[in-house]
Amino acid sequence: MGNRGTVTEASGFNPEEDAQKIYNAMKGAGNKSHYFKMPIQELLDCLKSELTGNFEMVVVGLMMPAPVYDAYELKNAIKGAGTEEACLIDILASRSKAEIKEIIATYKKEHGKSLEDDVCGDTSGMFQRVLVSLLTAGRDESTKVDEAQAVQDAKDIYEAGEAHWGTDEVKFLTVLCVRNRNHLLRVFQEYQKISGRDIEDSIKREMSGCLEDAFLAIVKCMKNKPAFFAERLYKSMKGLGTTDNVLIRIMVARAEIDMLDIKAEFLKMYGKTLHSFIKGDTSGDYRKILLELCGGEK
């Protein structure tokens, strides 16, 4: 999926041998040939019946292709009492245009519903508008920077926030959810010149709650996506207790894409390895599988 992952293609991959290994690990639940031929959902059901807790969540996640896993996580974040807004933000703010389109199609196929309808049914206000904007996958993905427009965008955001009584969030949305990455990096430089502040500081001053989190996630992903995930992992483990759903989601989703870069950013930002944090914060088979996904101590 990417070339900076810790999980890579197995040389000499033999699905029959792997089916035998799964069968040996789950003896008494059917025969090997049955495993080899069974649909993925049946295999997932078998794994769920054999495993429990966080270890089960990791294994089940690893059995799913990326868009299926993202759709599954989004569905879990929306259904039931309360919404896990952090999951909606983590996924929708960090995926490319093509990835978002694939997630939408997969969500419809897997769950028989429109992702946008489900998101709208569970969120409200400007936060909902930001998520819907991200779901429309309307971001320009060229590398072109329009200098005059970048200066104007920076002025518009400044006038909508720091220079204005109250905050006009629509201006932030228009710029942050639509412009391409190179253009936004230029906007952020101009914004610093005009306001004397980093755009992240202004968002923290001007906004709160889920809307603040969403805009900050967009900005951080544009600046440095691996650093965004490194910070999310750090916050999931620091202090008392571990936010396992965040830890699992990022480790599973990024293991084949950019985990090497996330590890490097983690070390740079926090002076400790991601491996050491996971080792100190988890235990048992759950720890073992996360350390495998982390891929070595350095």
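**Exercise 1. Describe how domain 1 and domain 2 sit against each other.**

Solution. The C-alpha centres of domain 1 and domain 2 lie 28 Å apart. The model is a predicted one. Start with the bounds: the domain assignment gives domain 1 as 38-136 and domain 2 as 147-223, with domain 3 at 225-294. Next, count the contact residues. Domain 1 contributes ten and domain 2 contributes twelve. Then take the area. About 990 Å² is buried between domain 1 and domain 2, and carbon and sulfur atoms give 86% of that. Ile-89, Met-126 and Val-130 supply 45% of the area that domain 1 buries against domain 2, more than any other three residues.

**Exercise 2. Characterise the packing of helix α14 with helix α15.**

Solution. Locate the helices first: α14 spans residues 209-237 and α15 spans residues 244-254. Now the geometry. They pack at an angle of about 145°, and their axes are 9 Å apart. The crossing of α14 past α15 is left-handed. Then list the residues in contact. From α14 come Lys-225, Phe-229, Arg-232, Leu-233, Ser-236 and Met-237. From α15 come Val-246, Leu-247, Arg-249, Ile-250, Met-251 and Arg-254. Last, sort this contact by class: seven residues are nonpolar, one is polar and four are charged.

**Exercise 3. Decide whether His-275 is buried or exposed, and name its contacts.**

Solution. Apply the cut-off: buried means under 20% relative accessible area. His-275 has 10% relative accessibility, so it counts as buried. Leaving out residues up to four places away in sequence, His-275 touches Leu-291, Cys-294, Gly-296 and Glu-297.

Methods:
Residues are numbered from 1 along each chain as its sequence is written. This is a predicted model: local features need pLDDT of at least 70, side-chain atom pairs count only at pLDDT 80 or more; totals for chains, interfaces and linings use all residues. Side-chain values use heavy atoms; hydrogens and water are left out. Axes are lines fitted to C-alpha atoms, for helices over the stretch in contact, and angles run from 0 to 180 degrees between N-to-C directions. Helices (H or I, at least four residues) and strands (E, at least two) are DSSP runs, numbered from the N terminus. A crossing is left-handed if the near helix is turned anticlockwise from the far one by less than a right angle, and right-handed if clockwise. Contact means heavy atoms within 4.5 Å. Ala, Val, Leu, Ile, Met, Phe, Trp, Tyr, Cys and Pro count as nonpolar, Asp, Glu, Lys and Arg as charged, and the others, Gly among them, as polar. Buried means under 20% relative accessible area, exposed over 50%, partly exposed in between (1.4 Å probe, protein chains only). Domain bounds come from an automatic or database domain assignment. Buried area is the accessible area (1.4 Å probe) that two parts lose on being put together, summed over both.
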